[in-house]
Amino acid sequence: MMAQAFAERLRAALPAVALAPRTEPGLMPAMVIAVAADDWAALGSAAHGLGARWSACWIDPEPDHWRAWVLYEQGGAYVLAQTALDPRAPRLPSLTPVFAAADRPERAIRDLLGVAFDGHPDARRWLRHQAWSAEVHPLQPGQPLAGTPPARTPADVGYAFRKIAGDAVHEVAVGPIHAGTIEPGHFRFATVGEQALTLETRLGYAHRGVEKLAVGRDAAGLLRLAARVAGDSTVAHAWAACMAMERAAGCAVPPRALALRGLLAERERVANHLGDVGAIAGDVGFSFAQMQFGALRERWQRRSAALFGHRLLMDTLCAGGVRTDLDLEGTQALLQDHARLRAELAPLTAILLDHPSLEDRLVGAGALSAADARALGCLGYLGRASGLAFDLRRDAPYPPYDRLPVRVPLYDSGDVAARMRVRLDEIGVALELMDALLAALPPGPVSTHWEAPPAGARGLGLVEGWRGETLAFVRFGADGRVARYAPRDPSVFAWPALESMLPGNIIPDFPVCNKSVNGAYAGCDL
Amino acid sequence: MLRILHRVITTGTLTEPLDASASLESLGIEVRRTLGARFAGSFAIRHVDAGSCNGCELEIHALGNPYHDLERFGIRFVASPRHADALLVTGVVSRHMQEALLRAHAAMAKPGLVIAAGACACDGGEFGTSYASCGAVDSVLPVDVRIPGCPPTPVVLLRGLLAALGREAGLTRPG
Ligand code: SF4
């Protein structure tokens with residue numbers, strides 16, 4: 001088992017610490033390694049030394065003590081590090097000095113749960129604005145869901161953005177409300193003339209209290225919430241949550257349901273890429289492509305509504321399976337759609353890849369180096385445009401991908417043009433995968449009876465959403481109610497990447513850089 | 001260029017006439033106040049995501065695709081609330097967006113319609129009221145038009161926007 005080998009290498013790298021890797025059914029395929037809080041940073045450094053990626057961190061406030069979890073990944077092998085925390089004074093060595101990717105997630109945990117991260121280089125709050133005070137940590141079990149917010153929450157004016165000084169340097173502040181129809185967030189640019197010197201993003205505006213709202217829900221209620229962590233990744237988050245719950249409960253999902261989940265996830269990928277490729281073109285004034293791709297996306301969404309009951313595929317999964325079966329007629333319609341989309345994309349792709357004015361704006365814009373992408377833990381198309389090939393469907397395959405060959409497009413220029421190409425290629429890969437799934441749809445039921453596990457059961461869900469590795473951790477409490485739900489959207493790593501690629505670009509190129517990355521705001525803010 | 005022209009010609013016109021057979025009531029659209037005929041030729045909307053999951057935004061984007069072509073009705077999205085006749089609000093109002101939403105509303109010229117789109121904006125949806133969320137838009141601002149759905153489909157959005165304009169009767173083109 002790959003995870004075992006990874007755990008062994010960690011053990012060899014830390015001879016002074018007695019590591020005892022073990023497995024826990026709900027947390028497979030990861031190996032679990034428990035360490036003392038004092039060894040937390042040493043384990044992180046050892047993982048870093050082995051070239052591992054920091055994937056996620058979450059705190060689970062269990063009834064007797066709290067537990068911290070960090071997920072590391074290397075070459076498709078996963079290790080879950082865990083340590084116990086004292087709920088009266090929770091503190092943990094920060095992993096941010098080792099893994100830059102841990103920076104904002106640790107700050108978010110500090111805000112919501114009051115865990116002190118020793119050695120964290122940034123003392124500023126992240127998800128907390130002005131709706132609650134520094135002494136309050138709304139996700140702590142003792143805190144009421146309602147909180148004690150002010151009647152009118154003031155604007156968050158006191159946040160100390162990094163200052164860039166120098167002749168002719170000026171600051172441009174944008175948001176939280178932007179010029180277009182997009183999610184809320186704040187961007188702070190330091191510029192000289194048109195050139196951006198730095199960009200700092202500030203999120204948290206779409207914080208809706210997802211993790212707190214999850215507590216006490218049953219499986220169906222949790223899935224309604226998971227489907228709304230990020231509206232464009234509704235299948236990804238719902239699937240990750242399902243997987244976590246099903247692993248926790250030892251629930252065997254029927255093969256047909258797994259194939260249909262794969263189909264739904266690929267449909268979500270195609271819909272988003274179609275929309276984004278059009279929007280990237282639109283952001284540089286090429287409205288021809290924007291309209292063409294907008295029409296393709298619309299037809300795609302209509303088929304989703306006709307066959308699965310929702311244009312964005314919300315609420316199509318359930319614990320134990322999926323909610324809609326696909327009949328023969330539907331299968332035929334999809335196969336025809338796929339052929340038609342391929343035929344329509346070929347000439348459009350040829351135009352996109354060979355249009356001088358487009359090339360002028362997209363090539364070289366917003367270049368993210370492979371080193372930065374790796375350091376920031378970038379995933380999905382963002383990573384693949386900068387030379388990082390990781391794809392769960394291929395590297396740690398879960399059903400139905402375990403029986404399908406998954407091609408992973410890879411580019412190394414890291415610019416907007418590369419991100420657009422990855423997306424176009426990924427549409428092609430998704431169409432291949434869906435054709436293969438439809439050609440061999442297993443017979444049988446599309447869901448199985450769901451029975452919640454006993455209190456204390458926990459599970460980990462990991463799926464390759466359209467933005468990349470999407471995670472959910474679930475622990476059940478009494479009566480089949482969720483005691484902890486911790487989702488992690490891949491966008492967490494997209495925003496620092498956007499900041500890192502922007503310097504040297506001109507401000508007018510920011511929208512297209514942003515669109516090509518397309519980090520979720522709601523998915524990060526929770 | 002020839003390839004583009006060829007594609008444009010072979011694509012033809014995709015824009016569909018709006019199906020107005022379903023009544024506003026049956027779609028769940030509630031209209032308390034409209035801007036009436038004065039705005040029949042041009043209606044400027046400022047969208048504010050006050051704490052959405054981004055699902056509603058995707059469907060608002062779809063209003064601009066060739067099938068729906070929002071602008072044929074004289075409705076367009078503007079960048080500044082100062083240029084807007086209406087605020088189109090999506091999502092619950094997160095507490096972190098409360099002040100921004102109020103300021104955007106205050107910046108609009110009067111009468112300034114407020115249109116709540118989506119289950120979250122209409123009644124709090126899946127997120128409701130909490131330490132993080134003020135809940136539905138009408139807990140923060142008076143709401144004139146409600147468009148339900150999670151998210152509302154583009155056709156329902158379009159019907160709701162036209163209803164806000166008081167243009168339920170003449171759905172084809174502004175007179
Ligand atoms: S109404 Fe639905 S789609 Fe719209 S923001 Fe709320 S949860 Fe998302």
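Reply: Buried area is the accessible area (1.4 Å probe) that two parts lose on being put together, summed over both. The model is predicted: local features need pLDDT of at least 70 and side-chain atom pairs count only at pLDDT 80 or more, while totals for chains, interfaces and linings use all residues. Residues are numbered from 1 along each chain as its sequence is written, chains are lettered from A and ligands numbered from 1 in the order written, and side-chain values use heavy atoms, with hydrogens and water left out.

Chains A and B bury about 4700 Å² between them, and carbon and sulfur atoms give 59% of that area. On the chain A side, A:Ile177, A:Thr181 and A:Arg208 lose the most area to chain B, together 15% of what that side buries. Chain A puts 67 residues into the contact and chain B puts in 50 (contact: heavy atoms within 4.5 Å).

Now the ligand. Chains A and B both supply residues around it, so the site is shared between chains. From chain A come A:Arg228 and A:Met314. The chain B residues include B:Cys53, B:Cys56, B:Cys120 and B:Cys150. (A residue is near if one of its heavy atoms lies within 4 Å.) Helix H3 (55-62) and helix H5 (119-123) of chain B each give two or more residues to this shell. Helices are DSSP runs of H or I with at least four residues, strands are E runs of at least two, both numbered from the N terminus. The shell divides into seven nonpolar, four polar and one charged residue.

A cavity is a set of points on a 1 Å grid where a 1.4 Å probe fits but cannot get out; lining residues have an atom within 4 Å of a point. The largest cavity holds about 380 Å³. Of its 27 lining residues, A:Pro105, A:Ala108, A:Val492, A:Cys524 and A:Leu526 lie nearest the centre. H3(A) gives the most to this lining, with six residues. The lining of the largest cavity has 21 nonpolar, one polar and five charged residues.

The second largest cavity holds about 110 Å³. It is lined by 16 residues, and A:Glu268, A:Ala271, A:Asn272, A:Arg311 and A:Leu312 are the closest to its centre. Helix H7 (255-283) and helix H8 (287-308) of chain A each supply at least two residues of that lining. The lining of the second largest cavity splits into five nonpolar, six polar and five charged residues.

Methods:
On a 1 Å grid over the protein atoms alone, a cavity is a set of points where a 1.4 Å probe fits but cannot get out, and a pocket is an open set with protein on both sides within 12 Å along at least five of seven lines; lining residues have an atom within 4 Å of a point. Grid points are joined across faces, edges and corners, and a volume is the space filled by probe spheres set on the points. Ala, Val, Leu, Ile, Met, Phe, Trp, Tyr, Cys and Pro count as nonpolar, Asp, Glu, Lys and Arg as charged, and the others, Gly among them, as polar.
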